[in-house]
Amino acid sequence: MRPATRVSLSLREGTAELRGRILDGYLADYEHRRGAVSAQEQERARQIFDEVLTEEGEWPAES
């Protein structure tokens, strides 16, 4: 297994729906390269993704 790299992503308020698309794209790419991801693993990935994106509390307002 290769080491993980932490990536930070900032989205403007109102673009939260992109979160799902970004994760879906990541999971599709992962499955393409490494094989199927179970429904349980996909759900855990969604939980982790949401936790990481909301670590700092509320989404910042658009400037």
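Student: Is Asp29 buried, exposed or partly exposed? Please set the answer in the context of its salt bridge.

Tutor: Asp29 is partly exposed, at a relative accessible area of 36%. Here buried means under 20% relative accessible area, exposed over 50%, and partly exposed in between (1.4 Å probe, protein chains only). The model is predicted: local features need pLDDT of at least 70, side-chain atom pairs count only at pLDDT 80 or more, and totals for chains, interfaces and linings use all residues. Residues are numbered from 1 along each chain as its sequence is written, and side-chain values use heavy atoms, with hydrogens and water left out.

Asp29 pairs with Arg33 in a salt bridge, 2.8 Å from N to O. The term means a side-chain nitrogen of Lys or Arg within 4 Å of a carboxyl oxygen of Asp or Glu. Both residues sit in helix H1, four residues apart, about one turn of the helix. Helices (H or I, at least four residues) are DSSP runs, numbered from the N terminus. Arg33 counts as partly exposed, at 45% relative accessibility.

The structure holds two salt bridges. Asp24 and Arg46 form one of them, at 3.0 Å, N to O. Asp24 lies in helix H1 (residues 17–34) and Arg46 in helix H2 (residues 39–53), so this pair ties together parts that are 22 residues apart in sequence. Asp24 is partly exposed at 40% relative accessibility. Arg46 is partly exposed at 28%.

Helix H2 also holds Phe49. Not counting residues up to four places away in sequence, Phe49 touches Arg19, Ile22 and Leu23; contact means heavy atoms within 4.5 Å. The C-alpha atoms of Phe49 and Ile22 are separated by 9.8 Å.

Methods
Helix = DSSP H or I, 4+ residues; strand = E, 2+ residues; numbered from the N terminus.
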